Amino acid sequence: MTSRFCIGAAVVALGGCSRAEPPTPDVSPSVAVPEMPVPARAEAPIAASSPASARSPTPPLPPASAVADADSPRLPQTRDRPLASSPAFKEGTAALWDAIVRDEPALAMPFFFPLDAYEQVKDVGDPAADWKRRLVAAYERDIHSLHARLGEASATARLVALEVPEGRARWVDPGEEMNKLGYFRVFGSKLRYEVDGSPAAFDIKSLISWRGEWYVVHLSAIK
């Protein structure tokens, strides 16, 4: 997936798998009942065409993979196994870290499980409302809390890696966790960083996959 992130690059060295804590039980939390409908997503405006005489040479088309990645959340799920070494994962890790350091959750939204994918996955009455009012709200609160935990160290803390225990990842079949489609899921990842040379880490509760890429769905806790 390319161009999903507009965040300044951070060097992410991916380390070995962490086995410091056992997997969390496969329990899906209750679904929040929406109080009002979620506003429809606006379509991008269509640019006006230019006269043929004024057009510049047609640029080459991007690779097919780049075109697919742009619309990935709307495309069907695959059983491609996600890897913590992909460029998209590295960009997502940098975006999440930047959001925590700067206390700006919006920066980390590209690394959160996409709404279009969630609407395909979850077998609930209003998945868009559940995604926004429960999952995204918890994600934002957790980022604020992690920033508060950094405190003054946010100015000097350095990202080391987001370690994913990929050996513990498993495919969740349809019918589990209130889902209509399957996905890979892994508990117990670690966002590792250093402050003045001293190592530290934040727990990442749950990552799930969409079309061969990892996304955060629960950051600090399953809520």
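I started at Tyr-193. Skipping its neighbours within four places in sequence, I find Tyr-193 in contact with Trp-97, Leu-150, Ala-157, Arg-158, Leu-159, Val-160, Ser-198, Pro-199, Ala-200, Ala-201 and Phe-202; a contact here is heavy atoms within 4.5 Å. I looked up its place, and Tyr-193 sits in strand E3. Strands (E, at least two residues) and helices (H or I, at least four) are DSSP runs, numbered from the N terminus. Tyr-193 counts as buried because its relative accessible area is 9%. For the record, buried is under 20% relative accessible area, exposed is over 50%, and partly exposed is in between, with a 1.4 Å probe and protein chains only.

**Ground rules**

I note that this is a predicted model, in which local features need pLDDT of at least 70 and side-chain atom pairs count only at pLDDT 80 or more, while totals for chains, interfaces and linings use all residues. Residues are numbered from 1 along each chain as its sequence is written, and side-chain values use heavy atoms, with hydrogens and water left out.

**Confidence**

I checked pLDDT, the predictor's confidence in each residue from 0 to 100. The protein averages 78, and 68% of the residues score at least 70. Residues 1-68 have pLDDT below 50, yet this stretch has 102 contacts in the model beyond near neighbours in sequence. Where pLDDT is low, the predicted coordinates should not be read in detail.

**Overall layout**

I count four helices and five strands in the protein. The order along the sequence is α-α-α-α-β-β-β-β-β. Of the 223 residues, 44% count as buried. Taking contacts with a separation of 6 or more, 73% are between residues 24 or more positions apart. The protein exposes about 11800 Å², of which carbon and sulfur atoms supply 57%; the areas come from the Shrake-Rupley method with a 1.4 Å probe, and for residues only the protein chains shown count as cover.

**End of E3**

I followed E3, residues 183-195, to Val-195. Apart from residues up to four places away in sequence, Val-195 touches Ala-153, Thr-156 and Ala-157. I also looked at Ser-154: it is 41 residues from Val-195 in sequence and 8.6 Å away in space, C-alpha to C-alpha.

**Core**

Which residues have the most contacts inside the largest nonpolar core? They are Leu-96, Trp-97, Tyr-139 and Leu-191, in a core of 46 residues. At least two core residues come from each of H2 (87-102), H3 (115-121), H4 (127-150), E1 (158-163), E2 (170-172), E3, E4 (198-210) and E5 (213-218). H4 gives the most, with eight residues. By definition, such a core is a set of buried Ala, Val, Leu, Ile, Met, Phe, Trp, Tyr and Cys residues joined through side-chain atoms within 4.5 Å.

I then took Tyr-139 by itself. Neighbours within four places aside, Tyr-139 is in contact with Leu-96, Ala-108, Met-109, Phe-111, Phe-112, Val-216 and Leu-219.

Not counting residues up to four places away, Asp-142 touches Leu-219, Ser-220, Ala-221 and Lys-223.

I searched the whole structure and noted two cavities of 30 Å³ or more. A cavity is a set of points, on a 1 Å grid over the protein atoms alone, where a 1.4 Å probe fits but cannot get out; lining residues have an atom within 4 Å of a point. Grid points are joined across faces, edges and corners, and the volume is the space filled by probe spheres set on the points. The second largest cavity holds about 40 Å³. Its lining includes Tyr-139 and Asp-142, along with Lys-223. H4 supplies the largest share of that lining, five residues, and both H4 and E5 supply at least two.

**Positive phi**

I looked up two non-glycine residues here. Asp-103 has phi near 60° and lies in the loop between H2 and H3. Asp-103 counts as partly exposed because its relative accessibility is 28%. Glu-177 has a positive phi of about 50° and is in the loop between E2 and E3. Glu-177 counts as buried because its relative accessibility is 16%.

Conventions. 1 Å grid on protein atoms, 1.4 Å probe; cavity = no way out; pocket = protein on both sides within 12 Å on 5 of 7 lines; lining within 4 Å.
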